[in-house]
Amino acid sequence: MFEPNISSNLRIMGVVNTTPDSFSDGGRFDSIAAAVAAAGQMIADGADIIDIGGESTRPGSRPVDVDEELARTIPFIEALRRISDIPISIDTNKPEVMRAAVAAGADMINSVSALRDGDALQVAAELDVAVCLMHMQGTPETMQQDPRYDNVVGEVMDFLRERIDAALQAGIARHNLIVDPGFGFGKTLEHNLLLLRSLNRFHALGVTVLAGMSRKGMIGTILDKPADQRLYGSLSAAVIAAMLGADIVRVHDVAETADALAIVKALARVSS
Ligand code: 7PJ
């Protein structure tokens, strides 16, 4: 029989991108105001964390330089911090951006490279904030060309276990660690589905578990629909992740996800 395993601390992370494809004058006043308004709406809609990214990591995307990433994200973090005390996460792999973001008021580092860039491990340890370690095979530019695993769940778990150990060795506190299987980052649809089916196993790693599937290719492939028509599929994926013990779901559609997860939370209150 299927028994749900619902987190007692299930949270919604709302995504606000500051990349130029989302706000056309990235870094200047209008785009900051638009990003703050978007974040404010997410907070009103039930977001528990706001994730701010200044570098696209979509399949095929190229890295941006540090000055540009700083210019896109730091003024936005400062502006958001002025209007809200919501936990702010900075989606970056760059140690310089981590430092500046935390100085500007960010509370969490979201590293899709799992702190493998430069001295990111040491910087994260010094900053003493929450850190998400995500699995990725390859790099965004090429990761979807031919992803291969013998045993995707085992290999992703081994990688995350190794990164947790590296983080602990560097002095990062266990209570600050979050792991994420990295849906869509060097994975076929079948790899993503195998990871989702086994998401409850990731709790054995002994840290918070985050899952991000919102609007991703895995939803689009199943539905054969473009990104702007993946809401219901994304809600379904968020509910499945929550039923399998995800503590944090990273989403674009906060209001809708909050309603969907309210049903999951109601279930948790009556389960034995
Ligand atoms: C993720 C992320 C994810 C974490 C992106 C997109 C691509 N960070 N950043 N997990 N995805 N932790 O949102 O489609 O799945 S960017």
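Two strands count as paired if DSSP finds at least two bridges between them. Helices (H or I, at least four residues) and strands (E, at least two) are DSSP runs, numbered from the N terminus. This is a predicted model: local features need pLDDT of at least 70, side-chain atom pairs count only at pLDDT 80 or more, and totals for chains, interfaces and linings use all residues. Residues are numbered from 1 along each chain as its sequence is written, and side-chain values use heavy atoms, with hydrogens and water left out.

Start with the barrel. Its 8 strands close in the order S1-S2-S3-S4-S5-S6-S7-S8, with parallel pairing. From one strand to the next, the twist averages 25°. Angles run from 0 to 180 degrees between N-to-C directions; axes are lines fitted to C-alpha atoms, for helices over the stretch in contact. Take S5 (residues 130-134) and S6 (residues 177-180): 4 bridges pair them in the parallel sense. Here valine 131 stands opposite leucine 177 of S6.

Now look at S8. S8 runs parallel to S1, joined by 4 bridges. Methionine 13 has arginine 250 in S8 as its bridge partner. S7 and S8 pair in the parallel sense over 2 bridges, and alanine 211 has valine 249 in S8 as its bridge partner. Both faces of S8 are covered: Ile248 and Arg250 on one side, Val249 and Val251 on the other, are all buried. Buried means under 20% relative accessible area, exposed over 50%, and partly exposed in between (1.4 Å probe, protein chains only). Helix H9 (residues 254-270) lies across S1 (11-17) and S8 (248-251), at about 165° to S1. Contact means heavy atoms within 4.5 Å.

Next come the charged pairs. Side chains of opposite charge can pair when their charged atoms come close. A salt bridge puts a side-chain nitrogen of Lys or Arg within 4 Å of a carboxyl oxygen of Asp or Glu. The whole structure holds 12 salt bridges. One of them joins lysine 94 and glutamate 55 (3.5 Å, N to O). This pair links distant parts of the chain, 39 residues apart: lysine 94 is in the loop between S3 (88-91) and H3 (95-103), glutamate 55 in the loop between S2 (49-53) and H2 (66-83). Both residues are buried.

Glutamate 141 and arginine 62 also form a salt bridge, with their closest N and O atoms 3.1 Å apart. Glutamate 141 sits in the loop between S5 and H5 (152-170) and arginine 62 in the loop between S2 and H2, so the pair ties together parts 79 residues apart in sequence. Arginine 62 is exposed because its relative accessible area is 60%. Glutamate 141, at 35%, counts as partly exposed.

Arginine 72 and glutamate 68 both lie in H2, 4 residues apart, about one turn of the helix. Their closest N and O atoms are 2.5 Å apart in a salt bridge. Arginine 72 is at 7% relative accessibility, so it counts as buried. Glutamate 68 is partly exposed at 36%. Salt bridges with shared partners also join Asp51, Asp91 and Arg250 into one network.

Finally, consider two loop residues. Aspartate 128 has a positive phi of about 55° although it is not a glycine. Aspartate 128 lies in the loop between H4 (120-127) and S5. Arginine 215 likewise is not a glycine, yet has a positive phi of about 60°. Its loop runs between S7 (208-211) and H7 (217-223).
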